[in-house]
Amino acid sequence: MNKFWLTATIGCALLVPAGYAQSPAPAEPKEGRIRQREERQQQRIAQGVGSGQLTPRETAHLENREAAINREVRHDRQQNGGNLTNKEKARIDRQQNHVSRQIYRDKHNARQMPK
């Protein structure tokens with residue numbers, strides 16, 4: 001069962017950047033930072049799964065939050081001709097801050113993957 005969750009999480013982490021392939025190239029450096037930050041957060045989640053710091057439930061919750069942010073970015077870009085407005089960038093940044101704090105909390109709480 002543990003191998004299943006590890007494989008599923010790594011698979012999700014690899015699929016998320018594939019969604020960006022359909023998006024136009026970022027027009028501004030800020031949008032590139034959004035993508036880089038999302039990738040770093042995916043790496044942190046994968047590291048937490050690999051070390052047993054994240055339970056399957058915590059992992060699924062974090063992955064769902066990341067996926068929702070990605071869908072929102074894609075939708076916003078479609079609405080604005082491939083770009084994000086400053087207001088949208090600020091909102092995405094706040095959401096990523098929240099997920100980042102949640103990753104930290106989940107990795108450092110007492111719950112661990114059963115061995």
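Of the 115 residues in the protein chain, 37% count as buried (buried means under 20% relative accessible area, exposed over 50%, and partly exposed in between, with a 1.4 Å probe and protein chains only). The model is predicted, so local features need pLDDT of at least 70 and side-chain atom pairs count only at pLDDT 80 or more, while totals for chains, interfaces and linings use all residues. Residues are numbered from 1 along each chain as its sequence is written, and side-chain values use heavy atoms, with hydrogens and water left out.

**View 1. The whole chain and its confidence.**
The protein chain has 4 helices and 0 strands (helices, H or I of at least four residues, and strands, E of at least two, are DSSP runs numbered from the N terminus). From the N terminus on, the order of elements is α-α-α-α. The average pLDDT of the protein chain is 82, and 70% of the residues score at least 70 (pLDDT is the predictor's confidence in each residue, from 0 to 100). Over residues 24–28 the pLDDT is below 50, and this stretch has 9 contacts in the model beyond near neighbours in sequence (contact means heavy atoms within 4.5 Å). Among contacts in the protein chain between residues at least 6 apart in sequence, 74% join residues at least 24 apart.

**View 2. The largest nonpolar core.**
This core has 11 residues in all: Ile34, Ile45, Val49, Leu54, Leu62, Ile69, Val73, Leu84, Ile92, Val99 and Ile103. The elements giving two or more residues to the core are α2 (29–51), α3 (56–79) and α4 (86–107). A nonpolar core is a set of buried Ala, Val, Leu, Ile, Met, Phe, Trp, Tyr and Cys residues joined through side-chain atoms within 4.5 Å. In soluble globular proteins, nonpolar side chains tend to be buried together.

**View 3. Ile34, a core residue of α2.**
Ile34 has its place in helix α2 and is one of the residues of the largest nonpolar core. Its relative accessible area is 5%, so Ile34 is buried. Leaving aside neighbours within four places in sequence, Ile34 is in contact with Leu84, Lys89, Ile92 and Gln96. Ile34 and Asp93 are 59 residues apart in sequence, and 7.4 Å separates them in space, C-alpha to C-alpha.

**View 4. The packing of α3 against α4.**
The two helices pack at an angle of about 170°, with their axes 11 Å apart (axes are lines fitted to C-alpha atoms, for helices over the stretch in contact, and angles run from 0 to 180 degrees between N-to-C directions). α3 and α4 are therefore roughly antiparallel to each other (angles under 35 degrees count as roughly parallel, over 145 as roughly antiparallel, 65 to 115 as roughly perpendicular and the rest as oblique). From α3, the contact is made by Glu58, Leu62, Arg65, Glu66, Ile69, Glu72, Val73 and Asp76. From α4 come Glu88, Arg91, Ile92, Gln95, Gln96, His98, Val99, Gln102, Ile103 and Asp106. By class, the contact of α3 with α4 has 6 nonpolar, 4 polar and 8 charged residues (Ala, Val, Leu, Ile, Met, Phe, Trp, Tyr, Cys and Pro count as nonpolar, Asp, Glu, Lys and Arg as charged, and the others, Gly among them, as polar).

**View 5. Asp76 in α3.**
Asp76 lies in helix α3 and counts as buried, at 8% relative accessibility. Not counting residues up to four places away in sequence, Asp76 touches Asn83, Leu84, Glu88 and Arg91. Asp76 and Glu88 are 12 residues apart along the chain, and their C-alpha atoms are separated by 7.6 Å.

Arg74 lies in helix α3 and is partly exposed, with a relative accessible area of 27%. From Arg74 to Leu84 there are 9.4 Å in space, C-alpha to C-alpha, and the two are 10 residues apart in sequence. Ala67 is found in helix α3 and is partly exposed, with a relative accessible area of 24%. The C-alpha atoms of Ala67 and Glu38, 29 residues apart along the chain, are separated by 10.0 Å.

**View 6. Ser100 in α4.**
Ser100 is found in helix α4. With a relative accessible area of 18%, Ser100 is buried. Residues touched by Ser100, not counting those up to four places away in sequence, are Arg37, Gln41 and Arg44.
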